[in-house]
Amino acid sequence: MLQTVSAPRMPKGAEVMTVRIDHPPGSAGTPPHRHSGPAFGYILEGEMRFELEGEPERVLTAGDTFWEPGGDVIHYQDGNNRTDTWCRFLVTMICAPGQPMLTLVEPEELQRRKDRRASRSA
């Protein structure tokens, strides 16, 4: 068993997709964004800096799993934690009907919600 979570509600017409993400050495990854539905991930290779709104940043390594609820929660980081090797991971996402799977968050919204981000070490 690698991971268990309570089953998310799947609205009628939802799409489920699985994608492989490849971040080259040193890549910052996707800018802050949110997903329209939940996502389940598995680190295939390397190390990922992972940070969701309200949770501290952490480093995931090959064999680790992650979960995010989607919806209004901001996904701050998914970058490669290493400068000498690739970070590759699989993500299975449930996409809300009629909505994009990934939406970038505007700087103004990040500023308004800065109190929801976990403290970060210097």
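Asp22 stands opposite Arg88, a residue of strand E8. Keep in mind that this is a predicted model.

I'll begin with the strands around that pair. E8 covers residues 87-95, and nine bridges join E1 to E8, with the two running antiparallel. They belong to an open sheet of four strands, ordered E1-E8-E3-E6 and paired antiparallel. At the edges are strand E1, residues 15-23, and strand E6, residues 65-68, each of which pairs on one side only. On average, neighbouring strands in this sheet are turned by 20° against each other, direction ignored.

Next, the core. The largest nonpolar core has 13 residues, and those touching the most other members are Ile43, Met48, Phe50, Phe66, Phe89 and Val91. Which strands supply at least two residues of this core each? They are strand E3 (39-45), strand E4 (47-52) and E8. E8 gives the largest share, five residues.

Phe50 deserves a separate word. Not counting residues up to four places away in sequence, Phe50 touches Pro56, Glu57, Arg58, Leu60, Phe66, Trp67, Glu68, His75 and Gln77.

Last, Arg113. Arg113 lies in the segment that follows helix H1, residues 107-112. Is Arg113 buried or exposed? Arg113 counts as buried, because its relative accessibility is 8%, and the cut-off for buried is under 20%. Its contacts, leaving aside neighbours within four places in sequence, are Arg34, Glu53, Asp72, Ile74 and Tyr76.

Terms used. Residues numbered from 1 in each chain as written. Predicted model: local features only at pLDDT ≥ 70, side-chain atom pairs only at ≥ 80, totals over all residues. Heavy atoms only, no water. Buried < 20%, exposed > 50% of the residue type's maximum accessible area, 1.4 Å probe, protein only. Contact = heavy atoms within 4.5 Å. Pairing = 2+ DSSP bridges. Axes fitted to C-alpha atoms, helices over the stretch in contact; angles between N-to-C directions. Core = buried A, V, L, I, M, F, W, Y, C linked by side-chain atoms within 4.5 Å.
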